[in-house]
Amino acid sequence: MRYIDIRSDTVTQPTQAMRDAMYRAEVGDDVYGEDPTVNKLEEMAAEIMGKEAALFVTSGTQGNQTAVLSHTNRGDEIILEETAHIFTHEVAGTAFLSGVQVKAVRGHNGIMQVEDIEKAIRPENIHYPKTALICLENTHNRAGGTVTPVEHMRDIYEMAHRHNIPVHLDGARIFNAAIYLGVPAKEIARYADSVQFCLSKGLCAPVGSLLVGSEDFIKKARKYRKMLGGGLRQSGFLAAAGIVALTEMVDRLAEDHENARVLAEGLANIKGIDINMETVQTNIIVFSIEGLGINGDRFASMLYDRGIKANGSPDYGMRFVTHKDVTREDIQTVLKAVQEISRELVGI
Ligand SMILES: Cc1ncc(COP(=O)(O)O)c(C=O)c1O
């Protein structure tokens, strides 16, 4: 039986073109810098993001953690939005690996105000740690795939640089943001000193992320990647799929956004579902099922019985994600299932 899988865009299957490219890939030992396919992917990534250099890493988490390691020293403090992936979903890697403390700032729809960030920066005082890094997330996962506008990124970046603090962007889904804003990704990346972006989410590659930044930063990051066990050898097999992801899979993300909108509009009309349409911008939909009187785990299991895989939760918050392997027809099937559950639980 085929399940409709709306748990995440990480579940996407690689395309036939990716499989063919992987089969044919020319490879070498990347730790010696001799894998031509990895080198090509890194050059492409640097060019697309308008940075001097790039590093192919195993995952978004490894890219973000390598960035934090490269920007900070033990005992520093870093500023993050309170629901940022780096803070909430990377196993406290910032504490464990970098030995830094997080100062969490509340955002609106995942976006921190410039003044709030500035207030969180530590002044010089013998009791205080040094504020060494500001991390942003665009699009913002937990907030529902919300997009930070370029002007706001610029304002944060300029303020950060007045304080001599670098900015790292968790751009796991930077191309979704770029499509929503109608700008090239490098326009967003411009207002960050380093950017991590994923190949293995909506872009459908099986593995990998890229970390981009200055030559000096990437040189440092390359050493930390080695320390973290990310120095792979004939990784051109993986990079080959990444090249296809960057050349063939970016523009189609618009389709995922349209599907997410159709799904969100349908959900908004179902009794017991509460959804803030302001946050429906890209391929992630967050909503509350409090009106259904069951928690997310129960709701997910009722969807599963109807052939749909969704991530549950112990409370009322739910998240659906659209991607290449979810068609418009699947969206209608999901809506029908949710409608059915709603009728069963709260009536017409
Ligand atoms: C915003 C964001 N950053 C980083 C990551 C981590 O990526 P990975 O799962 O490749 O480690 C994710 C994964 O979902 C994410 O949503």
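Which loop holds Thr139? Thr139 is found in the loop between strand E5 (131-137) and helix H7 (150-162). Helices (H or I, at least four residues) and strands (E, at least two) are DSSP runs, numbered from the N terminus. The model is predicted: local features need pLDDT of at least 70, side-chain atom pairs count only at pLDDT 80 or more, and totals for chains, interfaces and linings use all residues. Residues are numbered from 1 along each chain as its sequence is written, and side-chain values use heavy atoms, with hydrogens and water left out.

A cis peptide bond links Asn138 to Thr139, with omega at about 5°. Ala92 is not a glycine, yet its phi is positive, about 55°. Ala92 belongs to the loop between helix H4 (85-88) and helix H5 (93-98).

The ligand sits in the largest pocket. A pocket is an open set of points on a 1 Å grid over the protein atoms alone, where a 1.4 Å probe fits, with protein on both sides within 12 Å along at least five of seven lines. A molecule sits in a pocket if more than half of its atoms lie within 2 Å of its grid points.

The residues around the ligand (a heavy atom within 4 Å) include Ser59, His85, Glu137, Asn141 and Lys201. Helix H3 (residues 60-71) gives the largest share of this shell, three residues. By class, the shell has one nonpolar, six polar and five charged residues. Here Ala, Val, Leu, Ile, Met, Phe, Trp, Tyr, Cys and Pro count as nonpolar, Asp, Glu, Lys and Arg as charged, and the others, Gly among them, as polar.

An oxygen atom of the ligand lies 2.8 Å from a backbone N or O atom of Gly60. A side-chain N or O atom of Thr61 is 2.6 Å from an oxygen atom of the ligand. For Asp170, a side-chain N or O atom is 2.7 Å from a nitrogen atom of the ligand. Taken alone, the ligand exposes 390 Å², and the protein buries 82% of that (Shrake-Rupley method, 1.4 Å probe).

Methods
Polar contact = N/O pair within 3.5 Å; in protein donor to acceptor, adjacent residues only side chain to side chain. 1 Å grid on protein atoms, 1.4 Å probe; cavity = no way out; pocket = protein on both sides within 12 Å on 5 of 7 lines; lining within 4 Å.
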